[in-house]
Amino acid sequence: MNVEVTPLPGIGVRKDFELVDGRRVGVITRRDGGVDLIVSEQGDPDACRDQVQMSHEEAAVLGSLLGAPQLVAQLQEEHRDVPGVNTRQLPIGEGSPYDGRTLGATQMRTRTKVSIVAVMRAGQVHPSPGPSFTLTAGDVLVVVGTAEGLDGAAKLLDHG
């Protein structure tokens, strides 16, 4: 997929790509730090059909929503031919006993035999986080293990 990058003097940078129907979807990263999600008219990349202004935090959440499933899908494809190995996204919810604590404090690998392969936070992927990585409500852990282990990991993150 070809992403076009277009400098917008005095405004920022536009990054977009073409959908199969001829519309373009992208973002404008403004010099003031704001982000606009844009959709062009079909067949006319310069005619903006829709534009949504987002704060940095809102853009980060959208990035997490789009990025985590992509990462999980890739891992699932890689483990497709390995029986018993599953991939899942596990959120750190508000009120989780591990909100504000380190990954090592969960003892997830020891207690559930599940491996944490990445943490998605505010649109950023943190691959292979170490035991000193501090978890925060809103993080999404990408984990690999058996179905039983994944169920146990979900309970662990929710209840300790």
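Reply: A strand here is a DSSP run of E with at least two residues, and strands are numbered from the N terminus. On that basis Ala118 is found in strand β7. Keep in mind that this is a predicted model.

Me: Is Ala118 buried or exposed?
Reply: Ala118 counts as buried because its relative accessibility is 3%, and the cut-off for buried is under 20%.

Me: What is the C-alpha separation between Ala118 and Val142?
Reply: It is 5.1 Å, although Ala118 and Val142 are 24 residues apart along the chain.

Me: How do the strands β7 and β9 pair?
Reply: β7, residues 115-121, pairs with β9 in the antiparallel sense. There are five bridges between β7 and β9. Met120 has Val140 as its bridge partner in β9.

Me: And which way do β6 and β9 run when they pair?
Reply: β6 and β9 are antiparallel too, over six bridges. β6 covers residues 86-91. Thr87 stands opposite Val144 of β9.

Me: How many residues of β9 are buried?
Reply: Six of the six, residues 140-145, so β9 is largely enclosed by the rest of the structure.

Me: Which β9 residues point which way?
Reply: Val140, Val142 and Val144 point one way. Leu141, Val143 and Gly145 point the other way. Residues on both faces of β9 are buried.

Me: Let's step back. How many helices and strands are in the protein chain?
Reply: Four helices and nine strands. Along the sequence, the pattern is β-β-β-β-β-α-β-α-α-β-β-β-α.

Me: What share of the residues is buried?
Reply: Buried residues are 31% of the 160 in the protein chain. The chain exposes about 9600 Å², and carbon and sulfur atoms supply 53% of that area.

Me: What about contacts between residues at least 24 apart?
Reply: Take the contacts between residues at least 6 apart in sequence. Of these, 46% join residues at least 24 apart.

Me: Back to single residues. Where does Leu135 lie?
Reply: Leu135 is in the loop between β8, residues 124-127, and β9. Leu135 counts as buried because its relative accessibility is 0%.

Me: What does Leu135 touch?
Reply: Leaving out residues up to four places away in sequence, its contacts include Ile92, Tyr98, Asp99, Gly100 and Arg101. Leu103, Thr106, Arg121 and Leu141 are also among them.

Me: Now β4. Is it mostly covered or mostly open?
Reply: Mostly covered. Five of the seven residues of β4 are buried.

Me: Which way do β3 and β4 run?
Reply: Antiparallel, joined by five bridges. Thr29 stands opposite Val35 of β4. β3 and β4 form a hairpin with four residues between them. Gly33 in that turn has a positive phi of about 95°.

Me: And β4 with β5? How many bridges?
Reply: Seven, again in the antiparallel sense. β5 covers residues 44-54. Leu37 has Val52 as its bridge partner in β5. The hairpin of β4 and β5 has two residues between the strands, and Gly43 takes a positive phi near 80°.

Me: What classes of residue line the largest pocket?
Reply: Nine are nonpolar, five are polar and none are charged.

Me: What about the second largest pocket? How much space?
Reply: About 190 Å³. Its lining includes Val3, Phe17, Val25, Val27, Leu37, Leu62 and Leu66. Lys15, Asp16 and Gly26 also line that pocket.

Note on methods: Residues numbered from 1 in each chain as written. Predicted model: local features only at pLDDT ≥ 70, side-chain atom pairs only at ≥ 80, totals over all residues. Heavy atoms only, no water. Buried < 20%, exposed > 50% of the residue type's maximum accessible area, 1.4 Å probe, protein only. Pairing = 2+ DSSP bridges. Nonpolar A, V, L, I, M, F, W, Y, C, P; charged D, E, K, R; others polar. 1 Å grid on protein atoms, 1.4 Å probe; cavity = no way out; pocket = protein on both sides within 12 Å on 5 of 7 lines; lining within 4 Å. Points joined across faces, edges and corners; volume = space filled by probe spheres on them. Contact = heavy atoms within 4.5 Å. Areas by Shrake-Rupley, 256 points an atom, 1.4 Å probe, with all protein chains shown as cover.
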